[in-house]
Structure formats: C-alpha cells, structure tokens
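Colleague: I would like to go through some of the labels on this model and hear what each one rests on.
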Amino acid sequence: MTNATSSCGEICMMLRRSLLTFKPFRLFVLGIGVFSLFFLMTSLGGELSGKRLSPSPFVVQAEDPAGQESREGLKKISDMMEVILRKLDVLTGLGNRSDTSHKLQELSAALDRVQLIEPMMERIKSIAQTMTDTTVKVEKILQQRNVVSSKDVDAPSKQCETPKDPLFPDCSTKMDWMRARWTSDPCYAFYGVDGSDCSFLIYLSEVEWFCPLLPGRNVSAPPTAKPHPKQKAQFQFDVGPLLEQVGTRKESLNFMKRRIQMLAAQWASAARRFDDKLRNRWRDKKRILVHVGFLTEESGDVFSPKVLKGGPLGEMVQWADILATLHVLGHDLKISVSLKELQQFLGAPPGHGNCPVTGPLPFDLVYTDYHGLKQMKKHMSLTLKKHKCNIRVIDTFGTEPAYNHEEYATQHNYRTNWGYWNLNARQYMTMFPHTPDNSFMGFVVEEVNETERLTIQRNKVHNMAVVYGKDASMWKGKDKFLELLHHHMEIHGTVYYDSQRPPQVPAFVKNHGLLPQHELQQLLRKAKLFIGFGFPYEGPAPLEAIANGCIFLQPMFNPPHSSYNHDFFKGKPTSRKVTSQHPYAEQFIGRPHVITIDFGNWKTFNETIHEIMDLDVEPFVPHEYTCQGMLERVHAYIQNQDFCSPQKPLDSPSSWPGNPPSPFRLLPNSSTLSWALADSTPPSSWPPLSALRVLASALNQSCVRTCQRAGLVCEPAFYRYINIKEAFHSLNFQCEGEETERNHLLPAFLEKHKECYLQQEPLLFSCAGSSPEHLRLCPCRDYRRGQVALCKDCL
C-alpha cells in the first residue's frame, strides 16, 4: 500500500514534467505511465474488495463509514484515470500544436485532481493495515485454540445432518439456536464454529455435550490436568507485596489499603504467635482467586463513590481483612475487581461468556460475593457447575439451605433475588456467627496495647456519648431519644455533610463530620457510651467501640425483625429473626460491655443511662475478632473444608457396637447422644466426630436454639451421620413408620403420626427452621472459648 501511494505521486509528477515539455516521442512513455497508474489503482481496489472479511462475530456488522469513504475514494481515482486516458487518446490524434497545448493544460488539471486524492490514499492504507492486522490476530487465535482443526475432520467438507438420538434430546433445539445466534458471541468462532452445520455439531458434541459425536470423529477425552504440585505455605510477615497487588484503581481499594497498613503490625505479631502454636506443621499452599464482585463497574460499584461520604464500609472492612488473612497465611493470591481481570484469570474464551471454559480451573479456591458469583456464571457458562465446589461466597447476612436449593426454594416460596445457587450451605461465609448453616468468616477489630488500655481508662469522659450512624437518615425520628439522652450526657456524632447540605441532626449534637479511622478511635476512647437506634444492623462499629472501652447500648426488637415483617430483610435469603440491632454483641458479649433494652420504655431507658454513667469497663475484643483469631479460623477452613470430594457412606451396621447395633451411645444421665465409634477409626469428617452431640428439639424449636440451650452450637457437617434410623432408635423414638422426603426440617419425628422422616436431599440439611408438628434431630458440637466456629479439637 505504501508503494502504491508513492508510485501515484511519482507518476503524476512525471506526467506533469512531460506535459510541460511535450514531445511526440514522449507521448508513448506518457501512455505507459498512465496505464501503469490505472492498472495499479484498479488492482488495489480489487484486492481490497476481494479480501474483505466474511461476516464474523469479531467484526461489527454495521456499515463502516471509513470503509464507505475508502470505496468512494477508489471510485474517484478510477474516474480520474479514465478522464486522463481519454485526453491522451485525443492527444495522439492531434496535429495542431495550439490545440495540443490546450489539451495538455486540461490533462495537467486532471492530474492535479489525482494528486488531491493522495491524502485519501493514506487513509485507505491505514484501514487496509488495520484489516490485515485484525485478520492475522483472528486467524492466530483460531489456529491456537480451534478444537476442531480441519485437518482432523472430514465431516465439515460434507453435509452434516442433525442426529436424532434419544440420549441427546436437546441436540435439535441447540442446533436451531446455533444457526440463529452463533454470531452473537465471539467465543463460538474461538472454538471453531464457522456457520456450517458440521461446525455446530462438532462444537455441541465436543465443547459442550448436547449432541453425539459425528461419525468418524476419533476424539479422545481431554488430557487430565496434572495435579498442582503441593507446596508448603509459609507465613508472610510483611504486607508490602499485598499493598502493591491491591493497587489504587478505586477509592474503595485505597480505603482497604489504608486499613491493611493500619493493622500491619498486629498481623505480623499474630502470625508469629500462630506460627509458634502450629510448630511448623505442614500447611498446603493454595492458589486463590479473590474476585470482589460488588466493586466491579458492571455491578454498579455503589460503594466506591460513598467511601468518603459516610457510606457503608462494613463490606470493605471485611474484604480488606480477608485479603490480609490469605496473604499472611502464605497462599498464592490473585485479586480481581473487574470482569476483564476475572475473564483473564479464569482462562475464559473471548466474548460474552456463552461458551464453557475447557481448561482446568487454575485456582484451588475462589473467594467472591453474590455479584461475583453471577459474573462467574456469565463467563464460565456450564463449566461453573463443575467448579462450584471451589467457590466461597462472602455473604453478610447469611443464606439458609431452604433458599439455597433452587428447585425447593421455587416450589416452597423461598425464592429470592439471592440464594438458589445449590451450593453446600457452608460455602457461604458470614460477617458474624449468626447462621451456623454457613461458615463464619468475620473480620478484625484493632486491639489496644497495655499502655493504651491504661490511657483509655484514665481519660474516659463519663457523660460523653457517641451516636452510631454516619448518615443523616439514621437520625430521623430519634429526637425524643436524643433529648432525653441530652439531659444526662454530651452527645457527639460523626455524620457526613458538605457545605451545601448540613446534616439534619439537633443543634445540641456536636457533629464531627466523617472522621478518618484514627480520629474516630480517639473520639471513642474518650466516650463512655456508644448508642445505636436500631439501624444499621450488624456492622463492625459496635465492636470497634467496645474495643476502645465504650459501652454499647442498643434496642431490642419485639417482635424480632425478619423477612416476614421488615422491609430491610425482605428479599434476603434467610428467615432469621433478629432480636436486636446487633445480635452477636447481645448474645456473645453481653453485659457490662453490651446492654440491650426496650427503647419504648422511657423509665427503663432513663435508668439505664444512669447505670452506664456509673459503670467502669475495660476495652474488650473477642478472640475470634482479633488477627490471630481470624488466622486460626481461616486456616482451619482452608486446610479442612472439602466440598469437592464425594461423601463416603457410613460403615456397615454390622460393624457397629450394641444390640441392636448403633454408631451412637447415650451419655450418662442425659438424653444426648455421642458418637460411639470415636475410639476406632471414624469416617473422615471435619469437624471430628468426637465433638458430635445429638439432641432432639422441642416442638416449634430450631436446631440453632436447641443446641444453644445446651451450651453447644449446631454443626451442619454432622447431619449426614445422624440422618439414619438408628439415631431415632437411640433417642427412644418409637417410629411406627419411616419415610424419606425433601424438607429443610428433616431429619425429624412427626409426633402426630409417630412417623420418622429422613432427609432425601443433602443440600437441605439445615440448622434453621422450626415446626409446631416436628421434633427435629439436631447435630450439635462443642466450641472453643472465644472461637465459636471451631470445636475444641478442630485445630
């Protein structure tokens, strides 16, 4: 193309010089030059039109304005050449020199118009080069990844008929879809689809699995991925490499980096203590992808713009601590906050995610959220089902099994905008240990050292209160509470505002605006009271206040808030009943650090304020919310939770002790069962079966509540061991009949009919849920003091 353009300029100049000094002999040379130029332009136009790319999903099908402009330019050049040739024909027949001179001037003007086309030639050259580069790239991709190489197949050269095989009932429907829509996603061309029926059938039989293999296709199974060589994880005491990896692309990421840096010394200290505790025990180093879906632009990323304006930060606090935990534990970490990064890390084909990922998953674990889960489904298509066991979903409020099982949720009116992913419920990881069906992930609360502890106690202002709520909307309707509190204490707030819109809070409140973390800590270290008015639910702030020596005062909810009676919880995949603003603080911390009262009783409220002013409390952080506590918990999950291996059945009843044989034994002077095979080799289980305690619930009581009343916690991992008729017999239930059904309350005894019901669907094993007709069998376990997620023998 470059030579063509320069030739045009050179020939035109030659023609002009020849015309100015016209001689009959040179006319022949002039004709040769003009013919060469015409031939060059005609060939160029033919080449461009001949090599036009066929329609492809990689090419936008709309008319290209640049291409239209180029074609018009070629037509103009061709027209100019025809004019020049006609002028030359006339010249060859002229004898009169004056007429010849006039004609030569006309020819020179025509050549000038040809030279005006030269800038357009540059444009044509650029377009042609781009088309060439695109063609090369597409061909290279198809050559590298085409699983249906033409040299391996004779079928594409023939007419392929859609097979009618009863083993593949969807083949015909899928073929119709491919004929109509194969250009809708570039991934089909990536896998060799070219618009022919043969290519459709090859794709649907070898990449997907909706059609049988074509006759003569000798396709062996894809090579099994070699197991990733095991490596020992080593504790990382420096968070510097993690900070570089997080980057600074968003304000939310900057917030997370600041938090990681703020806790760096505590992470390092906790890692050394935990390393000493493990005594150089082997820990598998895992390849882990962390995809923070709610921070992607495609999910809306409503959090990043609000970081500096009082928006909710609880999720980002948790994600920052998850990143720090995985890094400090020494795992190989990749971080994604965009769909482009997700697609790259997963090895997904280019396009819109309609094709499966054919290669092995390059990660042992993937931590994401509900937004990320949807994005993974989009980009992994049908492959997600194969790799779902590797996923861990960070889920603030929890997902109960009844909402998680798609078919069951749809049939029994548990379907919401979330849930229905058919995961093992323990793959959902919560901010607080409020839902034992899920795994408790948590976050970290900064601890104070001994010097800071003494300073806090010495500098406490006994009549100073800070209100929980950074958004002005959280203060609406609270005027009476604030006025009553103001009679006793000085009230401070940290409500965001800008110069155009002051916060709607009473004038007697000293509002500090949105404070950086270290300034907020200083405020809390002076205050005696941190008070919540019912919202937000279950955030990190109350624990941070308690860690700085405040007493947290919160309202109880009567009746409890839930998805049945409160708008905030509607649509969330849980029926959990929230009894206060912060149930964890109420249940696991309690007095004197946490006081929960009825805010509707003014007398009680007034008396409680007087009580708080006279109380002295020390800063307190539950062990499970310290850096070491989180390291212990996540380490135990990573090394022991396995949702990919098939569950082994229980040993044969003939190997069980007792008469009749049973794997259980009744504990002395109680109605609690334990595992009778603990001294022998129990089935592979984590938590270990030595922690198992089996109880029967009362009517209308969940297993969560049943275990709590016994000082235990419900452990869903144990359900498969008690879902046998021997569990009923060992608890002296007289079963007049035995049935197996799908119901999230099972296994249970239906007292009305004296029937024993076993669970048919393992995904529906649930600690949640109660019934006025069922006595539920509940698998409980003990737990470590300050670490409810782990049993006493779990580390």
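Colleague: Which residues does serine 336 touch, not counting residues up to four places away in sequence?
Modeller: The model is a predicted one. In it, serine 336 touches Leu289, Val290, His291, Val292, Glu341, Leu342 and Phe345, with residues up to four places away in sequence left out. Serine 336 itself belongs to strand E2, residues 332-336.

Colleague: Why is serine 336 called buried?
Modeller: Its relative accessible area is 0%. The label requires under 20%, so serine 336 is buried.

Colleague: What makes the approach of the serine 336 side chain to serine 338 a polar contact?
Modeller: The side chain of serine 336 reaches the backbone oxygen of serine 338 at 3.2 Å. The cut-off is 3.5 Å, and 3.2 Å is within it.

Colleague: Where does threonine 296 lie, and why does it count as buried?
Modeller: Threonine 296 lies in the loop between strand E1 (287-291) and helix H12 (314-328). The side chain of threonine 296 reaches the backbone oxygen of glycine 293 at 2.7 Å. Among the residues threonine 296 touches are His291, Val337 and Ser338.

Colleague: How many disulfides does a search of the whole structure find?
Modeller: The search finds 9. One of them joins cysteine 735 to cysteine 756.

Colleague: What makes cysteine 735 and cysteine 756 a disulfide?
Modeller: The S to S distance is 1.6 Å, and a disulfide needs the sulfur atoms within 2.5 Å. The angle about this S-S bond is -70°, and the link of cysteine 735 and cysteine 756 is left-handed. Cysteine 735 is in the loop between helix H27 (725-730) and strand E18 (737-741), while cysteine 756 is in strand E20, so the pair ties together parts 21 residues apart in sequence.

Colleague: Why is cysteine 735 called partly exposed, and why is cysteine 756 called buried?
Modeller: Cysteine 735 has 23% relative accessibility, which falls between the limits of 20% and 50%. Cysteine 756 has 2%, which is under 20%. Hence cysteine 735 is partly exposed and cysteine 756 is buried.

Colleague: Is the link of cysteine 791 and cysteine 794 left-handed or right-handed?
Modeller: Right-handed, with 105° about the S-S bond. The sulfur atoms of cysteine 791 and cysteine 794 are 2.2 Å apart, against a limit of 2.5 Å. Both cysteine 791 and cysteine 794 are buried.

Colleague: How do you know that the span of helix H23 agrees with its 13 residues?
Modeller: At 1.5 Å a residue, the 13 residues of H23 (602-614) should span 18 Å. The end C-alpha atoms of H23 are 19 Å apart, which agrees.

Colleague: Which residues of H23 are buried, and why are they said to be on the same side?
Modeller: Phe605, Thr608, Ile609 and Ile612 are the buried residues of H23. They cover an arc of only 105° around the axis, which puts them on the same side of H23. On the other side of H23, Lys603 and Asp614 are exposed. The cover over the buried residues of H23 includes helix H19 (479-486) and strand E11 (551-561).

Colleague: What caps the N-terminal end of H23?
Modeller: Asparagine 601 does, with a side-chain oxygen 3.2 Å from the backbone nitrogen of lysine 603. That distance of 3.2 Å is within the 3.5 Å cut-off.

Note on methods
Residues numbered from 1 in each chain as written. Predicted model: local features only at pLDDT ≥ 70, side-chain atom pairs only at ≥ 80, totals over all residues. Heavy atoms only, no water. Helix = DSSP H or I, 4+ residues; strand = E, 2+ residues; numbered from the N terminus. Buried < 20%, exposed > 50% of the residue type's maximum accessible area, 1.4 Å probe, protein only. Polar contact = N/O pair within 3.5 Å; in protein donor to acceptor, adjacent residues only side chain to side chain. Contact = heavy atoms within 4.5 Å. Expected span 1.5 Å × (residues − 1). Arc of directions from axis to C-beta.
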